[in-house]
Amino acid sequence: TSYIDRIGCIDTDNDGFSDPQGISWTIGDGADACITDPGPSIHDRGGCRDFDGDGYSDPDPSGTYGGVWTVANGADEFIGDPEQWIDTDNDGYGDNPPPANNGDSCPSISGTSTQDRKGCNDSDGDGYSDPDINSEAHPVGVSDAFPSDSTQWRDTDGDGYGDNSAGNNPDSCPLVTGNSTQNNILGCLDTDGDGWDDSSDPLPNEKTQWEDS
């Protein structure tokens, strides 16, 4: 009853793949790799269990359904996800890129980033990926604007001070590109460049003065 690899041959488990028959027709030729267990897999092994229906067979480390078959020798690494089956760099994210489920933005790098991109280098461990040739730092790109500071990752106005108010050197005016540095007010407008933000400086156009008692 086989009809997928060959037509009209013995098919013990009735999954459409023929049983291997001697040296003339083996699993390598496309015959059923799991002759006693019906399954729809077609890409790595034919006729084996495929829980998520992506065409890649489920691992069978016990050898119960057609010999020892593990992730290491080609079985599906994501048996519950039909959009992923291979993880080349073994970081837990699949080679099929986003928008596929858990797609690895850096499939050849074993990375730990989880927030902006998945599976890329994350030097400071804050979940945001280090900038690289595929992604510039925020705000131009999506990557970490502060790859060496785990308390900051976004800089919406691009002035060098982070958006996280609880992090190091937080921006007091996160939506305004500023250069103030004094009185714990960072990143706000400072027209005369004396370090004091305009709202606190009684002489905002005179860089040698900032107090008028």
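Contact here means heavy atoms within 4.5 Å. The tour concerns a predicted model, in which local features need pLDDT of at least 70 and side-chain atom pairs count only at pLDDT 80 or more, while totals for chains, interfaces and linings use all residues. Residues are numbered from 1 along each chain as its sequence is written, and side-chain values use heavy atoms, with hydrogens and water left out.

**First stop: Asp-144**

Select Asp-144 and display its contacts. Not counting residues up to four places away in sequence, Asp-144 touches Asp-116, Asp-124, Asp-126, Tyr-128, Ser-129, Pro-131, Ala-137, Gln-152 and Trp-153. Asp-144 is buried; the term buried means under 20% relative accessible area, exposed over 50%, and partly exposed in between (1.4 Å probe, protein chains only).

A salt bridge requires a side-chain nitrogen of Lys or Arg within 4 Å of a carboxyl oxygen of Asp or Glu; for charge, Lys and Arg count as positive and Asp and Glu as negative, with His and the chain ends not counted.

Now show the backbone of Phe-146. Its nitrogen lies 2.7 Å from a polar atom of the Asp-144 side chain.

**Second stop: the disulfides**

Select the cysteines next. The structure holds three disulfides, each defined as a pair of cysteine sulfur atoms within 2.5 Å.

- Cys-34 and Cys-48: the sulfur atoms are 2.0 Å apart, and the link is right-handed, with 95° about the S-S bond. Cys-34 counts as buried because its relative accessibility is 2%; Cys-48 counts as buried because its value is 0%.
- Cys-106 and Cys-120: the sulfur atoms of this disulfide are 2.0 Å apart, and the right-handed link has 90° about the S-S bond. Cys-106 and Cys-120 are both buried.
- Cys-173 and Cys-188: the S to S distance is 1.9 Å, and the link is right-handed, with 90° about the S-S bond. Cys-173, at 22% relative accessibility, counts as partly exposed, whereas Cys-188, at 5%, counts as buried.

With the bonded cysteines of the protein chain numbered in sequence order, the pairing reads 1-2, 3-4, 5-6.

**Last stop: Cys-9**

Finally, select Cys-9, which is in no disulfide. The nearest cysteine sulfur belongs to Cys-48 and is 18 Å away. Cys-9 counts as buried because its relative accessibility is 18%.

Key:
A polar contact is a pair of N or O atoms within 3.5 Å; within protein, one must be able to donate a hydrogen and the other to accept it, and residues adjacent in sequence count only if both atoms are side-chain atoms.
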